Amino acid sequence: MLAAWRDSPTRLREDAATEADLVRAGYRDRLLTELAQNAADAAAKAAVPGRLVVRLAGADLHIANTGVPLDISGVHALTALRVSAKPGAASSVGRFGVGFTAVLAVGDEIEFRSTTGSVRFSRSATWNELRGNGIRLPDDTDFVPPALRLAWPSDSAPASGYDSEIVIRLRPDVDAPELLAAMRAEAADLLLELPALQLIRIGDDEITSAVTTLDTGVRELRITGPGRDETWWQYSTGRSRWLLPVRDGRPHPVEPDVLRAPTRSDEELSLPALLIADIPMQPDRRRVLPGARIAELADGYADFARALPPRDRLVLVPAPGFARSETDGLLREALTAELRTASWLPVVDEHGRSRPETTAAPQRASVFTGVTAELATLLADVIGPLVIPELSGRTASEALAVLDVHRIGLARIAELSIGLERPPQWWYSLYDALEPFVADPLAVEELGALAVPLADGRLVTGPRTVVLDDRLAVPIPVRWARLVHPEAAHELLARLGARPVTAGDLLADPALRAELEHEPGDPETVDAVLGLAAQLTSATGPDAAGLPSWLGLLELPDDTGVTLPADELLLPGAPLAAVLVPDSPFGTVDSEFAERHGAAPLRAVGVGWGFSVVSESDPTGPDHQLDDEEHWWASLPEDPPEFAAVRDLDLVDDAAWPNALRLLLSEPATRRLLADPDGYTAWWLRRHAHIDGRPLGLFRAPDDPVFADLLPDPAGFTPAELDALRAVLADPETITPDLAAALLDALADPSLTPSPAAIATAHRRLAAVLDRLDLDELALPERVRALSGAVIDPAEALVLDHPCYGLAIPPNRLVAGDIDTAPALATLLDLPLVSEAVTAEVLGEGTLTSWAAEPLGVVLRLQSGHPTPDGPLVLHNRLQVRLSGAYETTTDVPWWIEGHTTHLRRHPINHLPQ
């Protein structure tokens, strides 16, 4: 080597640079890892249990191990940067002999002691050899010769009981305790990665590994040491070892880790199991060699899953997420493909039993989330292969989705139930097993197509189409109801829409609606419906609340012999007839027919007495044939969940509205709708119902102080009636364009005498809704109301936007609302702001002071309760302002504000005797 360096100075620089690069980059933090790999190889070659001991003796670090001792090829490898003494199959770790370079990370004086002979490496001795042999040194002042290219024999022997020992003289800058602490943290991982090693001792701390083979082919590896007792399950495939940590007897996924080949690399992984792989690595063993067949590492991964207990097998499924490296992405893809197509996923057998050997490929399996053992037994021959209940919980759903397991829900079970030939008792068991899964309306909807056996032997689709039992006081034959077989009757069917056969339920059956739409006048249907209605109203009264409005389709005879829908007929003597227009489309029920069936059943199916109500659950639009319904619907922020409205309001005679309102208040169903200010009924009445030509929405509600002396009260109603009508009268919180116009007209009406407070409140509310008013459509009156109550010409009016102007300008010139909304009020009324139309000048200089320096300032602050104002305070013995512009005067005022400056008239308290 010395001759080579003498002949080629370039070779010397290259060797030094190569060694330095390996120390700084590839092996900068792999001292224990590289020496442990050598120890593992030595133990494996000698077929002895591997032991590695690290101890500190003064400044020397000793690392001893068992196994084959150093031979001549080993010496050659140690002194060569590109040669390995481990090329064959007997080597379990590396193919490169450069890992020993890691010792230079902590020292420059190294001794390799072995039972077959020892060698010494020394950077200082290398310096001496270079100088003593006249070898030309590079001109670079930072040049440092390689320490591992020259070796000297040594007489030292390894520690007793060990075959090899490496002794490193630590450099002064190396923190020895910290180095040992890092090695302790690394030791357990090395025992996982290097199975030939069974013991690693760092100082006084001993970490050991023990392996036990389980019945399933899985090997249990236990790592113990100070403060450490870990159990791992290990499974070996062709080129991979997979490990899972075990806690409380069950395997768990590992945290994100790195590829180990066999020791830690820099290839980050996000796999659920630790991977120790046989795969070509780059010389520094930090990265996979380009072109390496990474996907082959996944071969046999599914066998590991099959070897685990059935309930734990999903732990090996990679969790969804982004790959942490290119290698991770390739492995995740290969593992997922392996798991999807191999048969390892536990499924129930044809009898619904869970057995470890009964498996299926995930892509062929189905899962019902949360399936119970009872339900699995019933579905085993209906849906197959079906994942076992232990792996069907919500916690497993993410893993099963990764595996492309077909997820079935209640809707699919309902679909598969159609056409099944099973005894009624089987159906009862199915309903009983499904009941715990029906916890919300969505589940009810999903089972909407569930098959139901009928007492007549038929199998029909949909629990909503069947009834459970006959509970009628008197049996009434109906053509639209289907009865469940008694042995299959289960309370789940009622939750899914099956109806106990009460009169009200039968009258609300959608099948009856279809019957009425097809043959509304069929005599059998008419008799059945009215008979059911008679039984219902005998218990509930004539209102029969809850019956659908479409019962009004039932055609009945009128007094002219013509059949008309029930909702187009009135009972003889109905009070509604007295408030309708003369040409209303209503007919009158034949008196003999009415006497035979009774008024209450006829009213229950829609024959009119008072106003009728139309209702619908989950309405989708203005399709109820109500007057101006589209306009109301467009004003809603969203569709209402329930819809109810009084119909036929547009048929009321204008002169009959007082009586019509009393009729609406007389019945609970319609009275309730009058109290909903946002509902269609109140909305329509406010706009379209008139008393003495004035819309209801422009009358003042009782005891309303806001519109006092501005809007009229409806006449002729009792206080209780007015209180019930409050929602259809003017609402101060909701100023509509019509109400705004009425308020402006009232404010301009000199015959009305509202108080200054009422005037200001009305102006403030009008200004607040400026952005909701169309000023082009809003006709302004010719007069405006001043703060004094006077009705004045707009040319004389000024909108008060600063309170101090109210001290100097007469209130019969000021239009006031709220200071914050004054600009909006000026825009609405097309009037100038007083601060823009009038210029104010404070006369006299006064005394400049501050709020904190003046007793008057403190007293005023205490009186107002507000914080001390910003800006200076100026006191005047006499405070005068001169106004010019739209109003001109010079007048005394108690205070005035100019910008941030407050002017105050000096209080007499300042002149009291001391």
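Glu296 is partly exposed at 32% relative accessibility, a class that lies between buried (under 20% relative accessible area) and exposed (over 50%), as computed with a 1.4 Å probe on protein chains only. Its side chain meets that of Arg293 in a salt bridge, with 2.7 Å from N to O, and Arg293 is exposed, having a relative accessible area of 57%. A salt bridge is here a side-chain nitrogen of Lys or Arg within 4 Å of a carboxyl oxygen of Asp or Glu, and by this rule the count comes to 47 salt bridges.

The model is predicted, so that local features need pLDDT of at least 70 and side-chain atom pairs count only at pLDDT 80 or more, whereas totals for chains, interfaces and linings use all residues. Residues are numbered from 1 along each chain as its sequence is written, and side-chain values use heavy atoms, with hydrogens and water left out.

A further salt bridge, at 3.9 Å from N to O, is formed by the side chains of Glu721 and Arg662. Because Glu721 lies in helix H24 (residues 719–724) and Arg662 in helix H21 (residues 657–666), the pair ties together parts that are 59 residues apart in sequence; helices are DSSP runs of H or I with at least four residues, and strands are runs of E with at least two, numbered from the N terminus. Arg662 is partly exposed, with a relative accessible area of 27%.

Asp723 forms a salt bridge with Arg726, the closest N and O atoms being 3.0 Å apart. Both partners are partly exposed, with relative accessible areas of 46% for Asp723 and 37% for Arg726.
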